[in-house]
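Good morning, everyone, and thank you for making the time.

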Amino acid sequence: MARSTSALGRSEARSGLLMISPTALYAVLLLAAPLATVVIYSLATGGRGVITWDFSLANYVEVWTGPVYRAIMLRSLIVALSVTVVTVVIAYPIAYFVSFHVAPSKKSLWLFLITIPFWTSYLIRVFLWKVILGYNGVINSGLLGIGIIDEPLTWINYNVGALVVTLAHAYAPFAILPIFVALEKIDRSLLEAGQDLGESKLRTFWRVTLPLSMGGVIAAVLIVFIPTIGDYVTPDLIGGGKLPMIANMMEVQMLKINNKPLGSAIAVSAMLIVALLSLAFVLVNRRFLGPAR
Amino acid sequence: MSNTPPKPKPTMIEFRDVHKYYGEYHALRGINGTIRAGEFFSLLGPSGCGKTTLLRTIAGFEGIDSGAVLIDGKDMARVPANLRPTNMVFQSYAIFPHMSVAENVGFGLRRDPRSKAEKARAVEDALEMVGLKGYGARAAHALSGGQRQRVALARALILKPKVLLLDEPLSALDKKMREHMQVELIKLQRQVGITFVLVTHDQEEALVMSDRIAVMFEGEIAQLADPETLYRRPNSKKVADFIGTMNFIPAEVVGETGGQIEVQVKGLGRARLEAEQCPAGRGDAPVVGLRPETLTLLYPGQTTTERTVDGIIDEVIYFGDMTYYDVYLGGTDVEVRLSMRNTPGRPILEVGSKVDVAWSASALVLFR
């Protein structure tokens with residue numbers, strides 16, 4: 001009996017492997033192989049298109065100690081974290097409103113309206129923000145026109161703030177949806193129970209609603225943080241080339257200077273930062289999810 | 001069981017002409033009545049009768065459109081749910097899934113001035129009271145339905161409310177567990193002495209557990225009485241029909257003398273009823289009601305001091321401890337259901353048998 005089940009188990013495992021093999025192959029070819037290539041490249045030495053396969057950590061030393069690289073990585077981190085905070089802080093009340101104060105029959109309409117920004121290309125939206133925030137943009141010419149300012153504001157264009165505004169606007173729907181789903185799943189009688197046990201509505205929010213929606217908040221944070229730290233187009237267009245982030249630096253190394261090993265080392269370093277921060281965030285928030293999980 | 005004679009107890013909850021609308025829908029239509037301190041009170045009725053709405057107006061989750069709800073003499077109109085001296089056991093139990101059992105039970109103690117250790121002891125005591133000693137560290141989501149309910153009870157009772165509200169707390173449990181919890185709730189209520197207000201659609205549950213019951217139909221209280229009165233002397237055909245099984249037989253009022261009412265009952269004959277057997281008329285066609293257990297099937301050779309009528313058995317329904325017989329009375333088309341206890345040596349009779357049925361006028365109730 002045991003023999004036959006184990007034989008059966010083996011054949012099942014075989015057919016299982018066979019079934020996932022196209023997907024597995026796809027994953028290996030398009031994810032693992034390029035990743036391995038990048039890691040191997042990062043250990044070589046290069047410059048001006050020449051690559052020496054000496055397998056040293058020299059590139060990493062340069063990336064982690066060179067002041068330019070450190071400044072750019074720090075900027076990427078600050079931008080990504082700011083965008084994440086701004087986006088989630090804006091998204092939560094919207095998700096809360098749709099979940100708790102919109103009639104059930106109107107909820108899908110609201111979600112549909114929230115996705116409207118996706119109807120236009122991301123590139124066009126970025127350009128529009130450039131038009132709005134630029135030196136001769138809508139805000140500046142408007143304020144100049146009605147005489148509130150004498151010369152164009154410079155702190156709203158070509159700086160980190162402008163980057164954050166643009167990126168936060170682009171990612172807001174991505175943050176709203178997971179938070180909305182988490183809020184929808186909360187049994188409304190739990191909120192009544194909170195009040196029944198003597199807590200005000202605000203206190204009930206802190207003790208019941210917020211902890212129970214943390215799953216959605218974590219999802220929103222990761223969904224916003226991970227793509228923004230590697231964003232390439234926005235810093236280029238909004239920053240006018242003066243505010244490079246990690247991805248822009250990679251482009252310079254890979255294509256303009258043609259130092260693939262150093263570019264690869266930057267890429268791997270960026271990946272490590274994202275992985276560590278995401279992991280740290282998930283672990284910190286375990287606390288919120290409490291002993292129940 | 002509620003056989004204690006009703007002592008006059010002070011009023012805990014008072015409804016004064018309470019009206020509630022949901023848009024056009026008139027959910028509560030002038031509720032009046034009082035719930036006494038320390039009483040086990042039930043709101044009984046079919047779904048949609050307004051019983052849960054009424055309970056939620058006590059808790060403060062629903063506002064009212066006119067009238068007043070008073071708890072312990074205070075008008076609750078401007079008192080929000082979190083400041084009312086009531087606690088609720090929700091139908092879904094509403095156990096916080098992100099907290100342990102102890103955190104759930106201690107949820108309402110945040111502003112309690114006692115020390116942490118004292119609060120922990122209070123939580124442990126509350127858990128012990130509901131039979132969950134040592135469960136404090138467990139994750140709330142890992143509990144069974146019955147355990148969740150006990151946590152919900154402990155969480156409410158630890159705050160020592162003046163009134164405990166229970167919204168169909170047993171409906172999610174299986175039959176055995178439900179019957180077990182009914183007895184436990186009665187014991188718990190006696191032990192803590194808090195006023196319990198239970199919402200249920202299960203008439204048996206209400207009869208078993210309550211000191212008094214308000215039967216509700218369509219947003220109104222149809223009758224407010226102790227279980228025995230409700231069962232023996234329902235004040236309307238509707239209440240009689242909702243509580244237990246009742247035979248209804250067409251009748252005719254032939255005379256009223258000195259508080260007594262003489263009726264001609266189809267299939268049974270003439271009967272003289274006392275005034276207490278005849279609740280106020282509603283202008284309906286007169287019928288008398290009688291419970292299955294007040295009728296007795298006479299076996300051959302058996303005699304009785306009661307009046308008898310002959311009949312033919314139309315249907316036999318065997319229940320193990322009881323047998324129900326549907327019997328056509330005295331060659332008429334009047335069919336009644338009667339129940340006989342299956343004592344040893346008493347045979348189950350067959351369909352088509354001719355039998356004598358004993359009855360007494362004092363068991364009748366007249367609805368008209």
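This is a predicted model: local features need pLDDT of at least 70, side-chain atom pairs count only at pLDDT 80 or more; totals for chains, interfaces and linings use all residues.

Let me start with chain B, which is divided into domain 1, covering 11–232, domain 2, covering 246–288, and domain 3, covering 290–360. Taken over C-alpha atoms, the centres of domain 1 of chain B and domain 2 of chain B are separated by 40 Å. The chain as a whole holds eight helices and 20 strands, and its C-alpha atoms fill a box of roughly 75 × 50 × 40 Å along the principal axes. Of its 368 residues, 39% count as buried, and if you take the contacts in chain B between residues at least 6 apart in sequence, 65% of them join residues at least 24 apart.

For β5(B), the antiparallel pairing with β4 (residues 66–71) of chain B extends over two bridges, and B:Ile71 stands opposite B:Lys74 in β5(B).

Now to chain A, which has 12 helices and two strands; along the sequence the pattern begins with a helix, continues with both strands, and then goes on in helices to the end. Among contacts in chain A between residues at least 6 apart in sequence, 70% join residues at least 24 apart.

As for annotation, the UniProt record, an unreviewed entry, places "transmembrane region" features on chain A, including residues 24–44 and 72–97. In the model, residues 24–44 of chain A are 90% helix and 0% strand, with end C-alpha atoms 29 Å apart, while residues 72–97 of chain A are 100% helix and 0% strand, with end C-alpha atoms 38 Å apart. The unreviewed UniProt entry also places "domain: ABC transmembrane type-1" at residues 73–283 of chain A, and over that span the chain is 76% helix and 0% strand, with end C-alpha atoms 23 Å apart.

Finally, let me turn to where the two chains meet. The contact takes 21 residues from chain B and 18 residues from chain A, and by class the side of chain B that touches chain A has 13 nonpolar, seven polar and one charged residues.

One element to follow here is helix α8 (residues 188–196) of chain A, in which A:Leu190, A:Ala193, A:Gly194, A:Gln195 and A:Asp196 are buried. Against which elements do the buried residues of α8(A) pack? They pack against α9 (201–229) of chain A, together with α1 (51–59) and β6 (86–89) of chain B. After α8(A) comes A:Gly198, with a positive phi near 105 degrees, and with that I will stop and take your questions.

Methods:
Residues are numbered from 1 along each chain as its sequence is written. Chains are lettered from A and ligands numbered from 1 in the order in which they are written. A residue is buried if 20 or more other C-beta atoms lie within 10 Å of its own, exposed if 12 or fewer, and partly exposed in between; C-beta atoms are placed from the backbone. Helices (H or I, at least four residues) and strands (E, at least two) are DSSP runs, numbered from the N terminus. Two residues are in contact if their C-beta atoms, placed from the backbone, lie within 7 Å. UniProt positions are given in the numbering used here, feature names are shortened, and annotations may be inferred rather than shown by experiment. Domain bounds come from an automatic or database domain assignment. Ala, Val, Leu, Ile, Met, Phe, Trp, Tyr, Cys and Pro count as nonpolar, Asp, Glu, Lys and Arg as charged, and the others, Gly among them, as polar. Two strands pair if DSSP finds at least two bridges between them.
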